[in-house]
2 protein chains.
Amino acid sequence: MNREYVNIFKALSDPNRLRIVKMLAERELCMCEIREVLDLSNSTVSKHLTILRDAGLLLDTKDGKWVNFRLNDKSGPGSIRSLIGLIRKSFDDDEAIRKDAVKLRRVNRRHICNIKS
Amino acid sequence: MNREYVNIFKALSDPNRLRIVKMLAERELCMCEIREVLDLSNSTVSKHLTILRDAGLLLDTKDGKWVNFRLNDKSGPGSIRSLIGLIRKSFDDDEAIRKDAVKLRRVNRRHICNIKS
DNA sequence: TCTATATTTCGTTAGTTGACGAAATGAAGG
DNA sequence: CCTTCATTTCGTCAACTAACGAAATATAGA
């Protein structure tokens, strides 16, 4: 059995990872912003992001000292693109996901990281 | 976090369960037909079917001494229906899934269960 | 009722997963 | 070059999962 497809579902089958994906459906984020919303340790968030990236659901780009994460729904296999499209439109009736979306609007990496400017 | 959505992905994040779902996309099946194709023990197949049913992906109907399992894409929440629709159209490039589909055409519950008629 | 058989439940075992803190890595800016 | 800080990797532990065989349950037909 080709593990590729199973890994996509495995990546999505953790509450915190599903929250991350829905947060990234709002906008591009760095790890510290995600950590702030989820209230988990650095290492845990980093591991979740690695699992999502390895499954092909995320892409990351370096931006100075930050790494920006975003959903990978522009490239890649059609089935993954369709699935991400479906997720974008779904699960908004979930309490935790709605709260994350609200919290996310107040989160700013410059505040978290004590940058004065 | 509402576990409902996570449970759907969890149900799909096992190779054998994804194979079962794709088999049921072909046609309604009883447990013994699924067991024949997957070559796993009764109890293991039964447990997988329970997990898929609890996640809301399957329905079952009694038919004499058999229980028929089928995909639940006629009723239930929209997001599950959409996801099942997506799965129906996807993953057909997977080797194991293609082989299962071929094998399934030769499987007949009456042969497996030694019914003479 | 008795028997055969399809399915489910139970108990066990090996392997996987999610979480954390601590240490390592890598880039920005003095 | 040296400090700062965002991120990743490492080591560990508790909890969960997939698998099996054996026993229990339920239904069809004699």
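**Exercise 1. Strand pairing in chain B**

In this predicted model, work out how strand β2 (residues 58-63) of chain B pairs with β3(B), and over how many bridges.

*Solution.* Start with the direction of the pair: β2(B) and β3(B) run in the antiparallel sense, and six bridges connect them. Next, pick out one facing pair to orient yourself on screen: B:T61 stands opposite B:N68 in β3(B). Then look at the turn of this hairpin, where two residues lie between the strands and B:G64 takes a positive phi near 65°. Finally, turn to the other partner of β3(B) (residues 66-71): strand β1 (residues 29-30) of chain B is joined to β3(B) by two bridges, again antiparallel. Here B:L29 has B:F69 as its bridge partner.

**Exercise 2. Two helices in chain B**

Find the angle at which helix α3 (residues 31-38) of chain B packs on helix α4 (residues 42-54) of chain B, and say which residues meet.

*Solution.* A handy starting point: two packed helices are described by the angle between their axes and the distance between the axes. For α3(B) and α4(B), the angle is about 115° and the axes are 10 Å apart. Angles of 65 to 115 degrees count as roughly perpendicular, and α3(B) and α4(B) are therefore roughly perpendicular to each other. The crossing is right-handed. Now list the residues: α3(B) contributes B:M31, B:I34, B:R35 and B:L38, while α4(B) contributes B:N42, B:V45, B:S46 and B:L49. Sorted by class, this contact of α3(B) with α4(B) holds five nonpolar, two polar and one charged residues.

**Exercise 3. Two helices in chain A**

Describe how helix α2 (residues 15-26) of chain A crosses helix α6 (residues 95-106) of chain A.

*Solution.* Take the geometry to begin with: the axes come within 10 Å and cross at roughly 45°. That makes α2(A) oblique to α6(A). As for handedness, the crossing of α2(A) and α6(A) is right-handed. On the α2(A) side you will find A:R19, A:K22, A:M23 and A:E26, and on the α6(A) side A:A96, A:I97, A:D100, A:A101 and A:L104. By class, the contact of α2(A) with α6(A) has five nonpolar, no polar and four charged residues.

**Exercise 4. Relating the two chains**

Which rotation superposes chain A on chain B, and which residue of chain A comes closest to the rotation axis?

*Solution.* The rotation is 180°, with 0.0 Å of shift along its axis and an RMSD of 0.0 Å. That is the relation of a two-fold axis. In chain A, A:F9 comes closest to this axis, with its C-alpha at 2.6 Å.

Definitions and conventions
Residues numbered from 1 in each chain as written. Chains lettered and ligands numbered in written order. Predicted model: local features only at pLDDT ≥ 70, side-chain atom pairs only at ≥ 80, totals over all residues. Axes fitted to C-alpha atoms, helices over the stretch in contact; angles between N-to-C directions. Helix = DSSP H or I, 4+ residues; strand = E, 2+ residues; numbered from the N terminus. Parallel < 35°, antiparallel > 145°, perpendicular 65-115°, else oblique. Left-handed = near helix turned anticlockwise from the far one by under 90°. Contact = placed C-beta atoms within 7 Å. Nonpolar A, V, L, I, M, F, W, Y, C, P; charged D, E, K, R; others polar. Least-squares fit on C-alpha atoms with pLDDT ≥ 70 in both. Pairing = 2+ DSSP bridges.
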